[in-house]
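Let's take this structure apart by asking, each time, how we know what we say. Have a look first, then we'll get going.

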Amino acid sequence: MIQVFRSASLEAVRKLPDLLAMLLAICWLSIGAYAAQLNVPATLPAGSGLSIPTSGRGHATLYLVGPGTAIKRQVQLGQNIEISPDDLKNAGRYVISLDGGSATFFVTAAAVSSITFLARPSRVPAETPNVIFGTVFVFDKYHNLVLQPAHVKFDVSSNGASVTRTEITKNGVAFVKLDSSKKEGPAQFIASSGNASMRRVVQEVASDPCSIRMSAQPDKNGILVQTDPIHDCAGNPVPDGTIVTFTLTDAKGKSTVDARIKRGVAEAQLPSSDGATISVASGVVVGNEIQWRER
Amino acid sequence: MKPLRLILTAAFLVWAANVLAEKNLDPVLAAGGPAVALNVENATPRKVEDTTRMAMARDYSAAWATMAEALEQNRPELLGANFIGDAKATLTDTIDAQRRSNLHQHFIDKGHNVEVVFYSPEGSAIELHDTAQLELQLLDGSKLVHSEDTTVHYVVLLTAAENSWNVRLLQAVPGF
């Protein structure tokens with residue numbers, strides 16, 4: 001009996017390396033099974049679902065955390081784990097974990113579906129180069145920034161004339177600087193990419209005066225000075241409210257009156273002073289001078 | 001011994017400042033926020049002014065600090081005004097989902113190397129490329145589910161508010 005027990009023990013000792021090898025193989029296969037369970041793609045487009053095959057038996061806890069998502073749920077090993085498109089709609093980095101094994105993957109933006117259009121400024125002087133700025137950010141239908149290059153068309157039309165420029169986005173953004181048109185009026189500024197389009201209105205107003213001409217006449221309170229209608233160099237009337245400065249210089253010094261353009265002309269009253277010099281200016285534009293003589 | 005240490009410390013700080021100035025980097029620490037080294041050399045089409053650069057780095061650092069707190073404590077109200085628009089909506093959704101699942105995230109922020117890649121002509125929007133060094137942990141209650149020490153790339157949109165820069169988009173990407 002003892003002999004039988006001894007031979008069995010010796011047999012077991014002889015087979016120990018095989019047993020250990022088997023044990024290691026089981027462990028290795030188990031690890032392999034978990035690695036297979038987390039075999040996820042490195043990237044996938046936003047809004048596409050994910051089906052992850054698993055092996056093994058029993059239940060395990062699945063964790064998925066990413067932008068806008070944090071899921072914990074029990075899953076059945078040996079079956080596919082389904083992640084819904086709704087849980088993978090936000091572009092970014094996701095961590096998935098299944099009972100100790102983890103993996104990361106990225107969701108990237110889908111195709112361009114909408115744009116954000118910044119148009120500045122809302123009022124620009126007419127006939128001025130590089131004065132209208134347009135910036136477009138392109139987004140997919142889940143509001144993810146689309147980083148793949150996309151064509152963006154910018155179009156400014158005013159008084160029947162139109163300027164179009166096409167740019168390609170870089171890092172999800174495209175921008176343009178455009179000239180204003182010669183004539184004043186509302187300009188339609190449209191940006192579009194694919195089916196997405198946005199419109200802005202840029203008010204083109206007269207530029208700085210091209211020249212200023214004034215006349216003077218005696219008035220019961222002194223001297224009445226008045227400009228001719230003031231236009232920019234493209235012939236647009238300079239907007240009402242633009243300030244015109246009249247200056248009277250005589251032996252006593254200087255008198256200055258700021259007047260706003262009203263219905264295209266500016267006027268002011270100055271103190272009467274024989275031999276005075278009267279000048280007029282608006283911004284950087286200087287008009288004619290008058291030597292005043294009392295009659 | 002103490003004066004020597006002081007001199008050595010001062011010398012090191014001067015050297016570090018020079019190195020950072022040469023690289024046009026500004027390490028900015030918001031109150032309790034992570035270090036943000038900001039490179040504005042490649043900003044286009046508009047150059048970034050010094051005051052803007054400092055404000056941007058300060059506000060971006062503050063945004064990360066508040067985000068870390070909000071994700072750890074599952075309190076969306078901590079996001080405050082640092083995040084707006086889609087960035088705030090997405091983070092709020094994450095926190096709400098974490099709260100429902102009894103999950104939270106803890107991260108040790110080891111700093112950000114940030115490059116300005118776009119500054120809009122009119123000055124109202126900025127796009128950044130951020131390479132962040134993070135130690136991330138996902139916890140189920142007090143049980144550690146996942147832990148990693150990693151580098152994550154982010155595309156970030158900041159928009160100008162009255163006197164601050166707010167994060168409008170924070171999107172992790174595989175690389176730049």
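Q: Which residues lie nearest the centre of the second largest pocket, and what makes a residue count as lining?
A: A:T116, A:F137, A:F139, B:T159 and B:R168 lie nearest the centre, out of 17 lining residues. A residue counts as lining if it has an atom within 4 Å of a pocket point, so each of the 17 passes that test. Keep in mind that this is a predicted model.

Q: Which elements give two or more residues to that lining?
A: Chain A brings in β8 (114-120) and β10 (132-139), while chain B brings in α3, β5 and β6. β8(A) gives the most, with 5 residues.

Q: How much space is in the second largest pocket, and how does its lining split by class?
A: The second largest pocket holds about 330 Å³. Its lining has 8 nonpolar, 6 polar and 3 charged residues. A:F137 and A:F139 lie nearest the centre, and they count as nonpolar because Phe is on the nonpolar list.

Q: What about the largest pocket: what is its volume, and which residues lie nearest its centre?
A: The volume is about 720 Å³. There are 39 lining residues, and A:G66, A:P67, B:T90, B:L91 and B:L170 lie nearest the centre. Among the elements giving two or more residues are β3 (59-66) and β6 (92-98) of chain A, along with α2 and α3 (85-101) of chain B. α3(B) gives the most, with 7 residues.

Q: Which class does A:G66 belong to in that lining, and how do you know?
A: A:G66 is one of the lining residues, and it goes with the polar ones because Gly is counted there. In total, this lining has 21 nonpolar, 11 polar and 7 charged residues.

Q: How do you know that chain A and chain B touch?
A: Contact means heavy atoms within 4.5 Å, so the 33 residues from chain A and 35 residues from chain B that take part are the ones that pass that cut-off. The two chains bury about 2,800 Å² between them, with 67% of it on carbon and sulfur atoms. On the chain A side, A:Y63, A:A70 and A:R93 supply 19% of the area buried against chain B, more than any other three residues.

Q: Why are β11(A) and β12(A) called paired strands?
A: Pairing needs at least two bridges, and there are 8 between β11 (residues 151-158) and β12 (residues 161-168) of chain A, so they qualify. They run antiparallel, and A:F154 has A:R165 as its bridge partner in β12(A). These strands form a hairpin with 2 residues between them, and A:N159 in the turn has a positive phi of about 50°.

Q: What makes β11(A) and β14(A) a pair?
A: The cut-off is at least two bridges, and they have 5, so they count as a pair, in the antiparallel sense. Here A:S157 has A:Q188 as its bridge partner in β14(A).

Q: How do you know that β21(A) and β22(A) pair?
A: They share 5 bridges where at least two are needed, so they pair, and the sense is antiparallel. A:S282 stands opposite A:V285, and A:G283 in this hairpin takes a positive phi near 60°.

Q: Which peptide bonds are cis, and where are the prolines?
A: The bond from A:R120 to A:P121 is cis, with omega near -15°, and A:P121 is in the loop between β8 and β9 (123-125) of chain A. Another cis bond joins B:T44 and B:P45, with omega about 0°. B:P45 is in the loop between β2 (35-39) and α2 of chain B.

Notes: Residues are numbered from 1 along each chain as its sequence is written. Chains are lettered from A and ligands numbered from 1 in the order in which they are written. This is a predicted model: local features need pLDDT of at least 70, side-chain atom pairs count only at pLDDT 80 or more; totals for chains, interfaces and linings use all residues. Side-chain values use heavy atoms; hydrogens and water are left out. On a 1 Å grid over the protein atoms alone, a cavity is a set of points where a 1.4 Å probe fits but cannot get out, and a pocket is an open set with protein on both sides within 12 Å along at least five of seven lines; lining residues have an atom within 4 Å of a point. Grid points are joined across faces, edges and corners, and a volume is the space filled by probe spheres set on the points. Helices (H or I, at least four residues) and strands (E, at least two) are DSSP runs, numbered from the N terminus. Buried area is the accessible area (1.4 Å probe) that two parts lose on being put together, summed over both.
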